[in-house]
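Grab the model, try each task yourself, then read on.

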Amino acid sequence: EALLPPFLIAPIAFLLWVIVFLASFPILRLDLYLTHQWVAAQFYISFLILTLSWAFSGPPVAAVLSGLSALLALYVGLSAKEPAIFLQLVLYSVLFVTVVLFLQKTQKTTSDKQILREKLFEDVHAAAEAIGKKKVLKKSLEQKMGRFMDLHRFSEELKGMQTLEGAAQKITQEAADALDQADQSVLYLVDPAQQELSLVASVRPGGVVVKEKNGTLFDRWVMKKSQGLMVEDVKTDFRFPHEEETGEGRIRSLCVSPLMTEKKVLGVVRVSSSRPQAFNADDLRLLDIFSSLGAVTLRNILLYEKMGELAIRDSLTGLYLNRTFQERLEEEIRRAMATGSFFSVILLDIDHFKRYNDDYGHAAGDIVLKNIAVVISGCLEPSDMAARYGGEEFVVLLPKKDKKAALESAEKIRKAVEQNKFFLRRVEGHVTASLGVSAFPGEGRTREALLAAADRCLYEAKRQGRNRAC
């Protein structure tokens, strides 16, 4: 490093020159001509110092030192009474001004070039930034166009979905493909009766089974709040406890979007990752679009299924209609005749049902019917079928059960009806039922014959005192 900053070089040099010049000032009294080489060298040195001061210390310092030099030269000239020194002073002054103007012009030209160079560099940098931004924008637009095309294709494919499971699986798969940083994609639907989530479809690498059949606390939060949720890291999110991220394949970051239809939550879609910071706000917005498109399809499928259920089920009890039962009975007869198998039919009638209607009204009677329908359904196996036969009568089809097994099932239903409790106007109530059983092929090989045999057995049960199976 330099011992002195460049700014101080000129002032120090000028100070040393003044000291030397004044120290030799007595020579003037010895009648030494001022045009002597030694004296001229003094002025030449001063000229160099003043000239270099412009380069090293700048115009202000050069101007100050020039003024001091002029005063010193004036003092010397007046003291020596030598006119030549004034001419020399004028010549050096003109030369100095010429050099200063030249330096100033040169410096201005240099400064202009430097400014132009800096401006060019700025323009190049700005152009590079603009090109970079355009590239990023182009890439973003290409991604958006690609996502738009994927969404259009997804929407068209959803229109062709006929089953709830197929549509749900399609939604979860598309969400997993669109957000490829996700380790898991799941879809839950809300059970209207229980107001709980139920797993419908999932996509996980390696076919790993999803353990959260009723959703995580994040899914339940979205269901209750009816709004999307993004968590960058569950360990640092104060809204939720950290226990949720424990276990195999634990969740560290996630996006959850509600399936909204008519301002109601139909279900939720969640994509999650075992890595933190895997998702951002754009990912949540994309998932919301998938959810919106998927919710419409799922709602239409559910409405179609509900309409189908209404066409085959009794609106009061939820059991199958008699028409549907008759069709199924015909199919069962054809199957049994073709395979040589057997089945049974149970006909059930509520004892003294008219009394409840007369004492408490038809609304109370409807409560009894719904209650008994639930009891019957709870006593059946998955392959059995229960239907409302008409009025207070119910009918049950028991595939692959002979008369003995059917009597056991009928007795099971009878006891469940007898032990069942319900309340009518805050009064505890009980009912009993009489049941008649017939079996194929012993009691008949046609629908009419089987039902007539079951009806005769039912009548016999009532004749023997009711609350029994015959």
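**Exercise 1. Work out whether Glu332 is buried or exposed, and what surrounds it.**

Step one is the accessibility. Glu332 has a relative accessibility of 4%, so Glu332 counts as buried. The cut-offs here are under 20% relative accessible area for buried, over 50% for exposed, and partly exposed in between, using a 1.4 Å probe and protein chains only.

Before going further, a word on the ground rules: this is a predicted model, where local features need pLDDT of at least 70 and side-chain atom pairs count only at pLDDT 80 or more, while totals for chains, interfaces and linings use all residues. Residues are numbered from 1 along each chain as its sequence is written, and side-chain values use heavy atoms, with hydrogens and water left out.

Step two is the location: Glu332 sits in helix H8. Helices (H or I, at least four residues) and strands (E, at least two) are DSSP runs, numbered from the N terminus.

Setting aside neighbours within four places in sequence, Glu332 touches Phe343, Leu397 and Pro399; contact means heavy atoms within 4.5 Å. As for Leu398, its C-alpha atom is 9.8 Å from that of Glu332, although 66 residues separate the two along the chain.

**Exercise 2. Find how helix H8 and helix H12 cross, and which residues meet.**

Start with the axes. H8 covers residues 322-339 and H12 covers residues 447-463; their axes come within 10 Å and cross at roughly 110°. Axes are lines fitted to C-alpha atoms, for helices over the stretch in contact, and angles run from 0 to 180 degrees between N-to-C directions.

Next, classify the angle. H8 and H12 are therefore roughly perpendicular to each other. For that label, angles under 35 degrees count as roughly parallel, over 145 as roughly antiparallel, 65 to 115 as roughly perpendicular and the rest as oblique.

Then list the residues. From H8 come Phe325, Gln326, Leu329, Glu330 and Ile333, and they meet Arg447, Leu450 and Leu451 of H12. Sorted by class, this contact has five nonpolar, one polar and two charged residues. (Ala, Val, Leu, Ile, Met, Phe, Trp, Tyr, Cys and Pro count as nonpolar, Asp, Glu, Lys and Arg as charged, and the others, Gly among them, as polar.)

**Exercise 3. Identify which strands the buried residues of H6 pack against.**

First, pick out the buried residues: in H6 (residues 217-225) they are Leu217, Phe218, Asp219, Val222 and Met223. Now look at their partners, which are strands S1 (184-191), S2 (196-203), S3 (229-231), S4 (253-261) and S5 (264-273). Finally, check what follows the helix: just after H6, Ser226 has a positive phi of about 55°.

**Exercise 4. Say how many disulfides the structure has, and how far to trust the chain.**

A search of the whole structure turns up zero disulfides, a disulfide being a pair of cysteine sulfur atoms within 2.5 Å. Cys255 is buried at 0% relative accessibility, and Cys379 is buried too, at 15%.

For confidence, go by pLDDT, the predictor's confidence in each residue, from 0 to 100. The chain averages 80, and 77% of the residues score at least 70. Over residues 27-35 the pLDDT is below 50, and this stretch has twelve contacts in the model beyond near neighbours in sequence. Residues 244-248 are likewise below 50, with eight such contacts.
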